[in-house]
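Dear colleague,

Please find below the structure that I am handing over to you. My notes on what was found in it follow directly after.

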Amino acid sequence: MKHNLSPLIALQKLDLRCMEINTQRRKIPERLQVVETPLREAQQLLQQTSAGMEALVKERRSHEKDLEAHEAHTEKMKSRLSELKSNKEYQAHLFEIEVSNKKKGDFEEKILLCMEKIEQLQQTAKEAQAKVNVVENVFAQEKLVLDELEKKLAAELADLESQQQTYSADVDKGLFVRYNSIKAARKDQALAEIKERTCSGCQLQLPPQLISEVKRGEDLLTCPYCRRMLYWGGQTPVETGSVPELDKTSVLEIGESL
Ligand SMILES: [Zn+2]
């Protein structure tokens with residue numbers, strides 16, 4: 001075999017894992033939002049209920065004050081009854097007192113209505129608080145899991161990046177530049193293994209002659225459809241755990257067939 005793609009295949013394995021990690025990391029805020037949204041909603045409902053209750057308590061107090069003033073006024077009117085001289089005046093005053101007593105009922109009704117509403121809101125608040133407790137728990141647990149995942153992925157990425165540096169230093173410069181340019185254009189892999197007569201990059205069937213040439217491994221050939229660099233599966237990629245011993249002369253032999 002005249003060229004050795006093994007270090008690049010190993011490097012690609014690292015690159016693909018890095019991409020996977022970056023995709024996973026980008027999804028973490030979205031995943032957190034999925035549990036954060038119901039929490040915010042439950043908290044908002046609780047807040048609204050509390051605010052509504054506060055307003056109703058204020059309203060009830062105001063009606064109570066009105067009732068108190070009204071009762072004082074009625075009492076005053078009653079006490080003046082004895083001071084009245086004529087029967088006509090007396091009757092008129094009695095009528096006013098009767099009207100005043102009816103008005104008292106209106107105040108009482110308003111107070112009662114407030115109290116009923118407060119009671120309903122108390123129930124709503126109780127339910128909202130229970131919901132907040134549940135979703136707060138769910139959120140806290142998910143956040144813990146995601147924080148842990150983020151930490152794990154960041155550590156793995158740092159490790160992969162340092163491995164990438166070691167590997168890429170051993171790859172022929174020209175080949176490395178080409179690898180990076182195809183990788184950037186394809187937004188994934190620059191190398192494609194031939195599997196079942198197809199390019200594993202674009203899944204299109206390759207001409208048999210091209211497959212034989214790739215198998216022979218004399219030149220570095222690219223897929224005519226996606227331009228990825230082809231390699232035969234018989235070229236076993238080196239394990240990514242250790243830095244491969246490179247035969248630099250064979251790597252440099254790739255030449256102009258790129
Ligand atoms: Zn292809």
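**Findings**

In β3, the bridge partner of I194 is W232. Helices (H or I, at least four residues) and strands (E, at least two) are DSSP runs, numbered from the N terminus. This is a predicted model, in which local features need pLDDT of at least 70 and side-chain atom pairs count only at pLDDT 80 or more, while totals for chains, interfaces and linings use all residues. Residues are numbered from 1 along each chain as its sequence is written, and side-chain values use heavy atoms, with hydrogens and water left out.

Strand β1 (residues 191-195) runs parallel to β3, and 4 bridges join the two. The open sheet consists of 3 strands in the order β2-β1-β3, with mixed pairing; two strands pair if DSSP finds at least two bridges between them. Because β2 (198-199) and β3 (229-232) stand at the edges with a single partner strand each, one side of each has no neighbour in the sheet. Helix α4 (residues 208-216) packs on the sheet and touches β1 and β3, contact meaning heavy atoms within 4.5 Å. The direction of α4 makes about 70 degrees with that of β3 (axes are lines fitted to C-alpha atoms, for helices over the stretch in contact, and angles run from 0 to 180 degrees between N-to-C directions).

The zinc ion is coordinated by the SG atoms of C199, C202, C223 and C226, at 2.2 to 2.3 Å. Donors are N, O and S atoms within 2.8 Å of the metal (3.2 Å for Na, K and Ca); water is not among the atoms, so sites may look incomplete. The 4 donor atoms subtend angles of 106 to 118 degrees, which makes the arrangement tetrahedral (four donors with all angles between 85 and 135 degrees). Along the chain, the donors follow the spacing C-x2-C-x20-C-x2-C. Since C199 lies in strand β2 and C223 in the loop between α4 and β3, the pair ties together parts that are 24 residues apart in sequence. Both C199 and C223 are buried, that is, under 20% relative accessible area (1.4 Å probe, protein chains only).

T222 is in the loop between α4 and β3 and is buried, with a relative accessible area of 15%. Not counting residues up to four places away in sequence, T222 touches R178, L210, R227, R228, M229 and L230.

Yours sincerely

Note on methods. Four donors count as tetrahedral if all angles lie between 85 and 135 degrees; four count as square planar and six as octahedral if opposite donors are over 155 degrees apart and all others between 65 and 115; anything else is irregular. Buried means under 20% relative accessible area, exposed over 50%, partly exposed in between (1.4 Å probe, protein chains only).
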